[in-house]
Amino acid sequence: MTADRNDEDGRGGGGLTTGEVARRLGVAPTTVRTWDRRYGLGPDTHTGGTHRRWTPADVARLERMCALTATGVPPAEAARMVKSPGPPAPDGPAPVAPPVAAPPAASRRSRAHAGLRLGDARQECKGIARAALRLDAAALEDLLATAIEAHGLITAWTEVLMPTLQAVGRKWENSGERYVEVEHFLSWHVSGALRRCAPPVAADRPGATTMLACVPGENHTLPLEVLAAALAERQLPVRMFGAALPVDSLVAAVRRTGPAVVGLWAQSRTTASRPLAEHVAAMEWGVRGARRKAVVLTLGPGWAGHAVPGLARPRGLAEAVAAVESLVPG
């Protein structure tokens, strides 16, 4: 038990711990240990006699193992290929290139179907993408929770979760819809991670509630979910109405709740409705002489071609949070 704890909490020096390797690869630590125990893919050396430390060469073997198993190669066969000194079979996936040397063109082509192109994105993106590609729920939930805890909600969304979701979307678009199940799988788990990390919704304060809804016909809710979680972190009252709220229901909800801010999300230009935003912004309530209106925020890329004069259009999560904080009385 002591050796395992030292392995996971990072005490000792030289190389990566099993937990760090697992996060980098997008697998559960138990998967790394299983590959070590069953197939002999453990680190070549130990540090301090018992602490397991993984060198770049050790990690490269496991990266190739991940690439092979992601294409459907059985683990035992993948391990044999990883440990073999010769080149892979002509019809098999190419090995992961060493960190310094660039892979040949043929290798790049053969690996294009085994992973997501994330460019210079954070290492966490690659781990999350690999876990999503393998449909590994346990590893994915651990990686998402770790990213949010390590970076905070706004940074995790902006620099880790959103780039990974965009990469999955590109993978789906460029592969004839072969990876649509990966996109759905990842989105569902990100939604769950956001709800688990957010504190309970703050109690309503008169004139201080933020109402969040997708415009009619819009079903992309994740950006609103992360905004709701970020506002809850700041103890700001929020009511989340989710996807495709009908016009009549949206208007009724505004009248019933009298929010200080209404955030309308549109992912697509086909769903963004300038007349709807103007109508909500013009709504008034309260007694004569003390009538109030909500400040409407047009959120999402769909509003780029439908700018509404006089209405703010925050360009990202941090800007949207700052806008609400400035508008909601403390």
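In what order do the four strands of the open sheet lie? Please bear in mind that this is a predicted model. The order is 4-3-5-6, and the pairing is parallel. Strand 4, residues 238-240, and strand 6, residues 295-299, form the edges; each has a single partner strand, so one side of each has no neighbour in the sheet. From one strand to the next, the twist averages 20°.

Let me turn to the pairing of strand 3 with strand 5. Residues 210-214 and residues 261-265 are joined in the parallel sense over five bridges. Within this pairing, Cys214 has Trp265 of strand 5 as its bridge partner.

Two helices accompany these strands. Helix 11, residues 222-233, packs on the sheet and touches strand 3, strand 4, strand 5 and strand 6. The direction of helix 11 makes about 165° with that of strand 3. Helix 12, residues 247-257, lies across strand 3, strand 4 and strand 5, and runs at about 175° to strand 3.

I now come to the salt bridges, of which the whole structure contains seven. One of them joins the side chains of Arg234 and Glu325, at 3.6 Å from N to O. Arg234 belongs to the loop between helix 11 and strand 4, whereas Glu325 belongs to helix 14, so this pair ties together parts that are 91 residues apart in sequence. Arg234 is partly exposed at 31% relative accessibility, and Glu325 is partly exposed at 41%. Together with Glu233, these two residues, Arg234 and Glu325, are linked in a network of salt bridges.

Terms used:
Residues are numbered from 1 along each chain as its sequence is written. This is a predicted model: local features need pLDDT of at least 70, side-chain atom pairs count only at pLDDT 80 or more; totals for chains, interfaces and linings use all residues. Side-chain values use heavy atoms; hydrogens and water are left out. Two strands pair if DSSP finds at least two bridges between them. Axes are lines fitted to C-alpha atoms, for helices over the stretch in contact, and angles run from 0 to 180 degrees between N-to-C directions. Contact means heavy atoms within 4.5 Å. A salt bridge is a side-chain nitrogen of Lys or Arg within 4 Å of a carboxyl oxygen of Asp or Glu. Buried means under 20% relative accessible area, exposed over 50%, partly exposed in between (1.4 Å probe, protein chains only).
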